[in-house]
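Please consider the structure shown here together with its sequence. The paragraphs that follow lead through several of its local features.

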Amino acid sequence: MSLTAYQRKRDFSRTREPAPRAGAAAGQRSLFVVQLHHASRRHYDFRLQVGDTLKSWAVPKGPSFDPAVKRLAAEVEDHPLDYADFEGEIPAGEYGGGHVALFDRGVWTCDGDVEAQLRKGHLQFELFGERLKGGWHLVRTRRGRSGHPEWLLIKQHDAYAGQREADDLLAGVTRPPAATGPASKTAAKKSAKRVATARKSPARSGARSAPQPRRGRRIDWAVRAAALPAARRGALADAPFEPQLAQLATQPPAGDGWLHELKWDGYRLLAVIRGGTARLWSRNAIEWTAKLPDIVAALERLGVEQAALDGELIAGNGAHQDFALLQSTLSGQAQARLSYVLFDLIHLDGIDLRASPLHARKELLAQWLGKPPARLAYSSHIAGDGAAAFELATARDFEGTIAKRADAPYRSGRSDDWRKIKRAHSDEYAVVGYTAPRGSRSGFGSLLLARHVDGAWQFAGRVGSGFDDAQMRQIAAALPEKTSATPSVPVEAIDTDLRTARWFAPAFVVEVFSRGQGRQGLLRQPSLKAIRMDKNLRDLRSDAPTARTRNTKGAAPKKKPVSAARETSPGKPVPVATATPARKKTARAVATTAPKKSAANKPATNKPEKKSAPGKSAAEKSASAKAAPKKSTRAATKAPAAKPARKPTAAAPRLTSPERVVFPDDDIRKQDVADYYRAVAPLLLREIAGRPVSVVRCPDGIGQACFFQKHRTAGITQVDRVRLKEESGATRDYLVVNDETQLMELVQFNALEFHPWGSTAARPDRADRLVFDLDPGPGVTWAAVKSAARQLHDLLAKTGLESFLRTSGGKGLHVVVPLNPGCSWNLVKRFAQGFAASLAQSEPERYVAVASKAKRNGVIFIDYLRNGRGATSVASYSLRARPGAPVAMPLAWSELARLKSAAAFDLHSARRRIARRAQDPWSGIDEVHQNLARWAD
């Protein structure tokens with residue numbers, strides 16, 4: 001969100017209000033604050049943290065706890081987070097002059113996407129403050145006289161609803177200082193009268209907060225707890241208890257004496273209730289009570305005087321993919337419902353249950369919770385069948401299971417009574433070295449591993465656990481005698497243990513368990529699974545990306561197989577023959593050949609380079625060399641990236657699942673998509689680099705669900721981002737691709753389509769591209785679409801605007817108008833809408849300028865809606881997620897007459913076209929100087 005309006009309205013040399021500063025408070029949940037503002041008109045300022053600012057509304061009469069009362073809430077400018085701490089006087093004559101007092105402050109939560117709800121005009125949320133609690137609604141109604149939207153603040157029907165008003169809860173709120181002017185004295189008297197009235201009213205006397213609802217007690221739970229085996233009376237300390245911890249196991253234990261629970265992916269949380277008041281601690285005895293008022297409130301609604309519980313704090317479903325959401329919510333950067341999943345009951349109303357068997361404790365816990373209050377949940381279990389429980393956890397993408405002895409007491413500390421079985425993935429790696437042994441181990445300490453990526457070996461980390469004695473002896477015998485202190489594979493950073501490591505060329509294969517990769521691409525928590533002497537080093541290359549180029553004779557050259565155990569000179573990788581997995585041949589399948597030496601590997605000469613075709617750019621030459629499906633007759637020269645792309649700053653990510661079918665009707669795999677984008681990267685980057693970009697991702701191919709993504713999310717590490725304010729006022733991180741490495745990371749994340757903004761990330765409010773999308777309705781011939789594109793070109797030319805042509809890869813054509821220098825989005829949209837509307841009015845039998853499908857039969861929709869801030873259109877050279885793998889292709893206007901369809905080019909023919917064309921049809925588009933300044937008035 002932007003703080004420009006906030007800053008513009010204030011003189012910080014005169015007011016004590018906080019000036020904006022970068023960054024939100026780290027490690028704090030999203031806060032809300034309500035301030036009583038004695039300005040020219042007394043009102044309450046209602047503020048919700050959204051991202052790194054406070055979304056703000058002025059509520060003249062203050063919040064009401066009566067759901068039948070709808071309070072006006074006028075949206076005002078966003079405020080900085082530091083404003084939540086502001087109390088005091090704003091000088092008279094300054095914006096908002098008057099006294100500001102803190103009325104309430106706390107945490108607020110919301111289910112779902114906050115920004116989407118704000119855009120829609122209905123935000124449903126919960127407050128956890130001292131005075132304001134429970135569910136609330138903000139509903140947008142209209143725009144007020146100030147031009148800001150007006151909303152209604154409404155209390156939700158829940159246990160906190162009632163007849164109270166904000167003015168009934170003024171006890172303890174700082175009163176304004178004595179005033180001197182007549183108007184100020186009157187305002188002060190009114191304020192004092194409100195406070196006095198609240199104090200005199202029996203229903204309002206001393207009111208500071210809404211009463212806390214509690215569950216009615218119909219059962220004496222102390223009696224039930226005392227009936228458990230080994231239960232005894234005992235005092236409960238107002239302090240965290242030491243939790244029981246699990247030992248790591250490789251598989252679930254067998255037998256009926258075990259209970260198997262899901263291993264929740266969250267934070268361990270210990271709860272103690274004394275005198276009906278709950279407190280929370282982490283497993284390390286760090287208090288979390290203030291951080292989790294929503295969980296505290298839920299526990300206190302249970303209606304007991306004393307209890308001690310053990311559980312896990314989760315977000316979402318508590319599965320592996322939800323942990324990042326939990327972290328973001330706790331840091332205030334996201335909103336998600338948090339839940340406390342309870343799996344053990346240690347104490348209940350004066351009865352110590354630690355010595356009771358687990359199955360009895362859990363049975364009592366389930367009975368006591370019954371239908372638990374919102375934000376509390378019971379962790380169920382499977383008795384006996386550990387394999388089935390683990391299979392279920394794996395299928396639901398949980399981290400694993402926890403096996404617990406059913407008849408065991410609660411023992412603080414780590415013991416064999418609880419065993420955690422984590423889901424792990426395994427993969428195969430080449431052994432390229434070892435570290436020195438330590439302690440009682442002999443032979444070696446850990447094995448150094450490498451994976452094969454893009455034709456080269458890459459360091460993957462080391463594995464030092466999981467070996468038994470027999471494996472230690474087997475590996476020691478297989479280690480090469482010739483070693484070197486020089487790494488045989490590229491290593492980004494040498495840690496202390498690697499300085500004395502011994503290296504050799506890839507020698508044999510091991511299979512290793514791991515829990516993914518860290519930031520540097522190294523394995524996390526690796527453990528040996530097996531020594532794979534049955535595997536050849538060539539097998540490790542079968543899953544790696546390989547360059548596919550057509551052999552001039554149509555067959556792959558024969559290569560001699562290389563033994564997996566072949567020794568080479570230290571520091572040099574084993575020359576392994578290229579291999580690709582067997583798969584169905586298609587008419588477009590090409591044979592694999594070994595790449596020739598590139599120019600970069602040849603000795604430098606002073607001979608001039610062979611001249612390329614006239615008008616061909618450096619990026620065009622580079623892309624042509626990459627894209628050509630036939631073998632090049634000369635070495636490709638390394639061309640500088642076209643502006644504003646930059647050179648890759650890191651190695652491209654490894655392509656996983658290269659054989660996954662993406663276009664099922666065409667047998668096009670993920671590897672084919674990656675090869676295409678790597679080939680056209682210089683040209684595509686010229687279209688998208690430096691711009692906010694949205695992508696269409698198809699994780700399971702176009703035959704399954706695809707989705708549109710514009711924000712940078714967890715897991716994407718190399719793609720750049722830019723923080724932009726959205727129409728709703730929210731600020732989000734947008735994707736920005738600046739080099740080939742970043743492009744290929746999105747391809748690895750199954751991105752098929754790329755849709756850039758019509759402006760740059762540096763100047764998001766200045767449009768430099770205008771796009772008309774000609775979208776034919778049913779019954780419109782292809783000839784009519786081409787005629788429409790030509791007519792738009794001619795009409796734009798008459799206004800002095802040069803335009804460029806592109807196939808959409810779908811049904812229509814794009815007419816693109818460069819703007820240099822750029823224009824405001826308001827002007828661009830006004831011009832585009834007026835141009836489309838005038839054409840539709842003059843020829844209604846051919847065109848329509850409204851998006852209604854009911855009106856598009858037999859006519860062409862001139863889609864001007866892509867010309868707004870945040871709107872996108874597909875980039876030239878982008879694939880489309882449609883059958884046939886079509887490509888959006890830039891064309892010269894001279895090519896329009898013979899163009900067969902909007903999807904005339906596909907993943908294969910596009911590369912052939914790029915390779916054989918003499919000139920880029922959009923050459924010079926960035927040098928065209930034109931804009932819409934004449935239409936500004």
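**Buried cysteines, a disulfide and a mixed sheet**

C110 is buried, its relative accessible area being 1%; here buried means under 20% relative accessible area, exposed over 50%, and partly exposed in between, with a 1.4 Å probe and protein chains only. C823 is likewise counted as buried, at 4%. The model is predicted: local features need pLDDT of at least 70, side-chain atom pairs count only at pLDDT 80 or more, and totals for chains, interfaces and linings use all residues. Residues are numbered from 1 along each chain as its sequence is written, and side-chain values use heavy atoms, with hydrogens and water left out.

A search of the whole structure finds one disulfide, the term being applied to a pair of cysteine sulfur atoms within 2.5 Å. The disulfide links C698 with C706, with an S to S distance of 2.1 Å. The link is right-handed, with 115 degrees about the S-S bond. How do the two partners stand in accessibility, buried or partly exposed? C698 is buried at 3%, whereas C706 is partly exposed at 33%.

The next feature is a sheet. Six strands form this open sheet, in the order β38-β39-β35-β37-β36-β40, with mixed pairing. Strands (E, at least two residues) and helices (H or I, at least four) are DSSP runs numbered from the N terminus, and two strands pair if DSSP finds at least two bridges between them. At the edges are β38 (847–848) and β40 (890–891), each of which pairs on one side only. Strands β35 (residues 766–776) and β37 (residues 813–824) run antiparallel and are joined by eight bridges. L774 stands opposite L813 of β37. Helix α13 (residues 782–798) packs on the sheet, where it touches β35, β36 (804–807), β37, β38 and β39 (860–863); contact means heavy atoms within 4.5 Å. The direction of α13 makes about 25 degrees with that of β37. For such angles, axes are lines fitted to C-alpha atoms, for helices over the stretch in contact, and the values run from 0 to 180 degrees between N-to-C directions.

Two further residues lie in other strands. D417 belongs to β21 (residues 413–422) and is buried because its relative accessibility is 9%. Leaving aside neighbours within four places in sequence, D417 has contacts that include W258, K404 and R405. A271, in strand β13 (residues 267–274), is buried at 0%. Not counting residues up to four places away in sequence, A271 touches several residues, among them F241, L280, L299 and Y340. A271 and T289 are 18 residues apart in sequence, and their C-alpha atoms are 9.1 Å apart.
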